[in-house]
Amino acid sequence: MSSTLSDFLRETQTAVKSQMRDGALYEELVFAGIVMDHMSEIGMTFEPVECHYEGTVVNAKLRLSGYSISDDSDQLDLFVSLYAGAEEPSPITDTETKQAAERCLRFLTECAEGRMAQRLDQSSDVRSLAETLQAIYNDLEQVRVYVITDRVAKSKSFKTRDIGGKAVRLEVMDIERLHRHTSEGKPRDELVVDFKEVSGSPLPCVYVPGESDDYDYAMTAVPGEALRLLYEKFGARLLEANVRSFLSVKGKGVNAGIQSTLRTAPERFMAYNNGIVIVADEMVLGKTSEGEQGIAWLKGLQIVNGGQTTASLYFAKKKYPDTDLSRVRVPAKIIVMKAQDSTKEEALVSDISRYANSQNAVRQSDLSANKPFHVEIEKLSRSVYCPDGVGQWFYERAAGSYNTLLSREGTTPARLKALKDAIPTARRVTKTDLAKYLNAWDRKPDIVSMGSQKNFDRFMAALSPADGQEAPLPNVADYKAMIAKAKLYRDAQKLLRPMFQAFQANVTAYTISVLAEKLGSRIDLSRIWEKQAVSAELMEQIATWAKEVNDTLHATSGGRMVSEWAKRPECKDAVMGASYSEPADGIPEVKPA
């Protein structure tokens, strides 16, 4: 194993320990949460929910660590974790990962066939999930089971299984695969396509070397069947992995037109369709079967425009197997990145995506790394030191910039260790993290419960009101208050995770909002910054209110899944308007009324 992978594993274990309280089970849940959140950030899954279940049905073991359901309830991911807690990379056998996948598949089968809900107590959080899966299963268009592990798996995927007439893909997200995604800050690294394999020959193209050091580009037409195969293999990772945008694949609007053309006039698809834009890290040219110049393969590709087209090809063929894609060609512009600096590259990809999607698709708030607000917070994070004069918090404005810092400045083992001591991963805050902490404190738990991306959209929209006046840039005092709120939220999250079986994220967001409502104006955030800690007394108060919040969420949900109910304004009104116990006396952070 490479020392780099060893270092990454140790950093991951440090991150796990920084987020947990006592108990081995909770280490596994924390690890699963970290990995699921990462997969959501890079577009591999939707908004994940931690939900732990272990049980036995007729001597067969069932297991679940979390789940993720698309907005349209047509795509489902289930997660099951295998956690060793080792400090050095170690192998895990296919037998072990297959067994974990089987236990998760059994859980899915029991839910789909309506038996699981009957076996669970009415008050169980897992029961509401089981009822939901039973209700949506027939309409699901994509189902995946991910085995998550901190060991190194030999196989990263297994043969697709048929469960209740649905093809269920089985994948393994091991520490090696996670490292590949995280270390470079470019989750595209795994996405490699050999056009000789998927279409029989390199694609004829017009290749144009770039006039700058930023990119080269080529124009081509991608066979519809090749594009379908790519989506089948890579799924959501293919669609805007860096510029996150989950696109509906329901047959309505523009997608209805695409599917109609595919079924009735496939030979006219290229004439009717605007085409796709692909960004790639590397391109190799070859000769087509006719001896012309062509694209042999691409590495690190993502589709930054044309997600609806790509998904529609896949789902049209899946829904109507007689759809003939052999006559379909999709016009494509391929941009090959040459920028070496990751921050510069992300900015360029964002600009490409913005202009390629100027009519709709990618939202401006998803492309906001270069907004003055984020740039200013990044500057503050690099200039403001913790009260000890050594430590700092790190604001990750651009994806992968924390690792870039470590690589750039940690040039010797001693310097790298000093850097990690001063700015540990536990003090790394991303854009979506900050939006979550601040919106929860601003008493918007329903918005936070929508998930990191939608919450971030709303957060950015609030910074840029309709009158076009940008919010004032944060100063040092604002920055310290933000970090105090981040510390408070994270400590609450750590405290509450082992207290509840599921929906911990919703309980945390609502509890912080209740705290802000009851005591916000009296909480001394400067004390939290100075201490870089939250008092035991305040944490005890948070635990007390969290139990009351959890009870209220369940009591008002009307049988709906709490994770869905929590997104609604009516839920916010019900929870924020409920009666809570009086705050305890003697909380150090609470200033006199």
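Reader: How many helices and strands does the protein chain have?
Author: Helices (H or I, at least four residues) and strands (E, at least two) are DSSP runs, numbered from the N terminus. For the protein chain, the secondary structure comes to 24 helices and 18 strands.

Reader: What share of the residues of the protein chain count as buried?
Author: The model is predicted: local features need pLDDT of at least 70, side-chain atom pairs count only at pLDDT 80 or more, and totals for chains, interfaces and linings use all residues. Residues are numbered from 1 along each chain as its sequence is written, and side-chain values use heavy atoms, leaving out hydrogens and water. Buried means under 20% relative accessible area, exposed over 50%, partly exposed in between (1.4 Å probe, protein chains only). Of the 593 residues, the buried share is 55%.

Reader: How far apart are the end C-alpha atoms of helix α5?
Author: Helix α5 covers residues 125–136, which is 12 residues. The expected span is 1.5 Å times one less than the number of residues, so α5 should span 16 Å. The model agrees, with the end C-alpha atoms 17 Å apart.

Reader: Which residue has a side-chain oxygen that reaches a backbone nitrogen at the start of α5?
Author: The nitrogen belongs to V126. V126 is also one of the buried residues of α5.

Reader: What covers the buried residues of α5?
Author: Those buried residues include R127, L129, L133 and I136. Strands β1 (48–57), β2 (60–69) and β3 (75–82) are part of the cover. The helices in it include α3 (94–112), α4 (116–119) and α22 (536–556).

Reader: Which element gives the largest share of the lining of the second largest cavity?
Author: The volume of this cavity is about 40 Å³. Its lining includes W393, F394, Y395 and M482. Two or more lining residues come from each of α13 (372–383), β17 (394–396) and α19 (476–496). The largest share, three residues, belongs to α19.

Reader: Is V58 buried or exposed?
Author: V58 lies in the loop between β1 and β2. Its phi is near 50 degrees, a positive value in a residue other than glycine. With a relative accessible area of 73%, V58 is exposed.

Reader: What is the relative accessible area of Q532?
Author: Q532 sits in the loop between α21 (525–531) and α22. Phi of Q532 is near 50 degrees, a positive value. Q532 is partly exposed, at a relative accessible area of 22%.

Definitions and conventions: Contact = heavy atoms within 4.5 Å. Polar contact = N/O pair within 3.5 Å; in protein donor to acceptor, adjacent residues only side chain to side chain. 1 Å grid on protein atoms, 1.4 Å probe; cavity = no way out; pocket = protein on both sides within 12 Å on 5 of 7 lines; lining within 4 Å. Points joined across faces, edges and corners; volume = space filled by probe spheres on them.
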